[in-house]
Number of protein chains: 2
Amino acid sequence: MSAAPLDIAVAGLGTVGAGVIKLIEANGALIARRGGRPLRVVAVAARERKKDRGVDLSKVEWYDDASRMAAEAKCDVVVELIGGADGIAHATVEAALKAGKHVVTANKALLAHRGTELARIAEDKGLTIAYEAAVAGGIPIIKAIREGLAGNRVSRVYGILNGTCNYILTRMRKSGEAFANVLADAQKLGYAEADPSFDVDGIDAAHKLAILAGVAFGTRIDFSGVHVEGIRRIGSEDIQFARELGFRIKLLGIAELTEAGLMQRVHPCMVPLETPIAHVEDVYNAVVAEGDFVGRLVCEGRGAGAGPTASAVVADIVDIAHGRRPMTFQLPAAELAAPTRLPIAARKGSYYIRLDVVDRPGVMADVTATLRDENVSLASMLQRGRAPGERVPVVLVTHETEEAGMRRALDRISKLGAVLEEPHVVRIERF
Amino acid sequence: MSAAPLDIAVAGLGTVGAGVIKLIEANGALIARRGGRPLRVVAVAARERKKDRGVDLSKVEWYDDASRMAAEAKCDVVVELIGGADGIAHATVEAALKAGKHVVTANKALLAHRGTELARIAEDKGLTIAYEAAVAGGIPIIKAIREGLAGNRVSRVYGILNGTCNYILTRMRKSGEAFANVLADAQKLGYAEADPSFDVDGIDAAHKLAILAGVAFGTRIDFSGVHVEGIRRIGSEDIQFARELGFRIKLLGIAELTEAGLMQRVHPCMVPLETPIAHVEDVYNAVVAEGDFVGRLVCEGRGAGAGPTASAVVADIVDIAHGRRPMTFQLPAAELAAPTRLPIAARKGSYYIRLDVVDRPGVMADVTATLRDENVSLASMLQRGRAPGERVPVVLVTHETEEAGMRRALDRISKLGAVLEEPHVVRIERF
């Protein structure tokens, strides 16, 4: 390995930043032998110098200001691990590109909000902005789609993109406990943040989905076009009904490109037990891509954590070391398409609907008449027990129907006197 | 896309060869836009010119002799889709490399037998020999391991590598039918060859495993070091017992590298229902790689067929078009390690053993005493019904033990008068 080392500056020394440095310490010699150049961390930027991160930082140049490091440090690559769509993370990436340095980032928010713009800047200067770690952690799904499926037209990409939600839903199923209790436990175990809303409200998954759609379809990143629902309204009753119906509930991100346009959505889904992702449990992530020649490709692995994220960051660095320079999002950023946005109202499929109703004569006649009026056809109906005059849950499963009509029916149903709270709706996805 | 086209010669026009040409016809314009060069098929070699393959071959140069085409055709890449470890396939690949052309191949037998040698020839000349299609069809697992896990030390790689066997085992489980009947059906449906031995005896899976081990560990391809057993001895009773015990039976290829050496084996396994590959059904393949930083990565997809194989072949061609030149097997071929071969006798794990015994007093005492003498400890024992003086199946599940001792015990047990046929053994793998 007589080749010159690839010099790296790391912005952000949280668990992932420290993980990247640990990985290079542990496997650096092997990585250099793998036909590339040695990787050398030459600079770091973080606020606290004294904190023990379990890595040797005695020989690196230290910066307090990450964007100054990006501009000034003598290096080939800036690794941005600060996070956030704006502020210092954005400034650091812009400064690095401006200074002619490649960028590797795990920052899904930044890519989801500014991916197309940053890709144009990088490509105009012949630089790489690589982001394998931003989507599904250790799973090399960006590479698999962009290079491994390079011969395919991909029509759909979907997956379990948030480990916190998948952990909570798995625990709810196994323990029978309510969302709030399971969330509290997840927070204690470090699987959920103190403020869990980015995860449980689906925003983190939506960031990742917008990026995946861009690379799978060659379209401009359109985060604001993602319909987003989280998992807070999933009750333990829904988990129980799903089991009876042969489904599991998963928070999925789904992007589909058709002649009519692009639909991007993140919401809880019921998936049949026979589908591979039904069995992806706990904090694991999985991404499924469907190509016209390859058929269905499923990749599953750890979606977060220091080790898996560092693995993805270093894979990107090795690509740069080897001189591999793929397009950021499959096509040159200036040529990315901007297809029509399809709203969630255009979704066609079947629905699980749970109503809390007062058990009295005529309620179900009113409900079913309303569905009929909107052309929503019922596949099955389940009522749990009988309790005249009291609250009972009633579950309806529809045949395939368009969401708009189903929503109109539900608006009317909500207003029926015997219907006690807003209906709980989970879309059924039979992939 | 003003770049010069990449000129391709295709050797072998079976379903896969025709599939590659169809893919380039269908998606060529998109592939060219994806930042690479246009792909242009300029020559083909096949025996029968008149056969209708559903593709336009009017403008390509036609050769009867693939190795002459490899030597003489004016092209950048020779795609070898003839198959077989020797003969014309090998001659074609050698001729292409000798003539300074890159090679893309789907030929697992050739790689398994001559991979290290061909990689050295290619690397010495600065050429690529790419083989994504040789392992697990459409799944981009070679790329995922070699590039996506470039930062990791991989310690184990395993998977469902033969779609025919997985289809047969899935059908046996779902229908309860015997191996021979299901095989006959699979042959009728085109999922198994007229001579099925390459598939059902595990040889095809062993070819793929040897290649996977090389790329995952950076070791010389050692096909003759693979312990191989097929699925012919799996009875419908074993499938039934597996279900009762919470397992599924899968033909797996497993390669593990430890301080002690390299163990490579292909054989039927019982895997717990909770393991992702337990749910990989029908003709699907799946590969699992375990890296020190990434943890467990699982990729599942179609392992055979014209479309998926063409997808993998074209991905390799696109890499060449983009000037991406990875090492053939992770490290330069001249530096690949040759670790000690660990024999199957060194395998440690638990075992499912089915004995057909005459139901009479003292039989089980003899069996269990023999196991005790070889230090094989029993976890459980199942006997199906009672039939004094007649044949009954008895199932033993052992605790973790070394295979050598278990084999010695079984040799002695086979010789007991009441044991009617050679014991049926399936290794239990709790990944």
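**Sheet, helix packing and dimer contact in a predicted model**

Helix α3 (residues 87-98) of chain B lies across β1 (6-11), β4 and β5 of chain B. Its direction is about 170 degrees to β4(B). Helices (H or I, at least four residues) and strands (E, at least two) are DSSP runs, numbered from the N terminus. Axes are lines fitted to C-alpha atoms, for helices over the stretch in contact; angles run from 0 to 180 degrees between N-to-C directions. Residues count as in contact if their C-beta atoms, placed from the backbone, lie within 7 Å.

The model is predicted: local features need pLDDT of at least 70 and side-chain atom pairs count only at pLDDT 80 or more, while totals for chains, interfaces and linings use all residues. Residues are numbered from 1 along each chain as its sequence is written, and chains are lettered from A and ligands numbered from 1 in the order in which they are written.

The sheet of chain B is open and has six strands. Their order is β3-β2-β1-β4-β5-β6, with parallel pairing. Strands pair if DSSP finds at least two bridges between them. The edges are held by β3 (61-63) and β6 (129-130) of chain B. Each has a single partner strand, so one side of each is left without a neighbour in the sheet. Within this sheet, β4 (residues 77-80) and β5 (residues 102-105) of chain B pair in the parallel sense over four bridges. B:V77 has B:H102 of β5(B) as its bridge partner.

Chain A also carries an open, parallel sheet of six strands, in the order β3-β2-β1-β4-β5-β6. Here β3 (61-63) and β6 (129-130) of chain A stand at the edges. Strand β1 (residues 6-11) of chain A runs parallel to β2 (residues 39-45) of chain A, joined by six bridges. One bridge pairs A:A9 with A:A43 of β2(A). Helix α1 (residues 15-33) of chain A lies across β1, β2 and β4 (77-80) of chain A. It runs at about 165 degrees to β2(A).

Helix-helix packing was examined in chain B. The axes of α6 (residues 163-175) and α7 (residues 179-189) of chain B come within 9 Å and cross at roughly 125 degrees. The two helices are therefore oblique to each other. Angles under 35 degrees count as roughly parallel, over 145 as roughly antiparallel, 65 to 115 as roughly perpendicular and the rest as oblique. From α6(B), the contact takes B:T164, B:Y167, B:I168, B:R171, B:M172 and B:S175. From α7(B), it takes B:F179, B:V182, B:L183 and B:A186. By class, this contact has seven nonpolar, two polar and one charged residues. Ala, Val, Leu, Ile, Met, Phe, Trp, Tyr, Cys and Pro count as nonpolar, Asp, Glu, Lys and Arg as charged, and the others, Gly among them, as polar.

The contact between the chains takes 46 residues from chain A and 46 residues from chain B. On the side of chain A, α1, α5 (141-148), β12 (295-302) and α11 (306-321) each supply at least two residues. That side has 22 nonpolar, 13 polar and 11 charged residues. Strand β12(A) runs antiparallel to β12 (residues 295-302) of chain B, and three bridges join them. A:V298 has B:E300 of β12(B) as its bridge partner.

Chain A superposes on chain B by a rotation of 180 degrees with 0.0 Å of shift along the axis (RMSD 0.0 Å). Superposition is by least squares on the C-alpha atoms of residues with pLDDT of at least 70 in both copies. The two copies are thus related as by a two-fold rotation axis. The same surface serves both copies: 100% of the contact residues of chain A recur in chain B. Of the residues of chain A, A:C299 comes closest to the rotation axis, at 2.2 Å (C-alpha).

Terms used:
Two residues are in contact if their C-beta atoms, placed from the backbone, lie within 7 Å.
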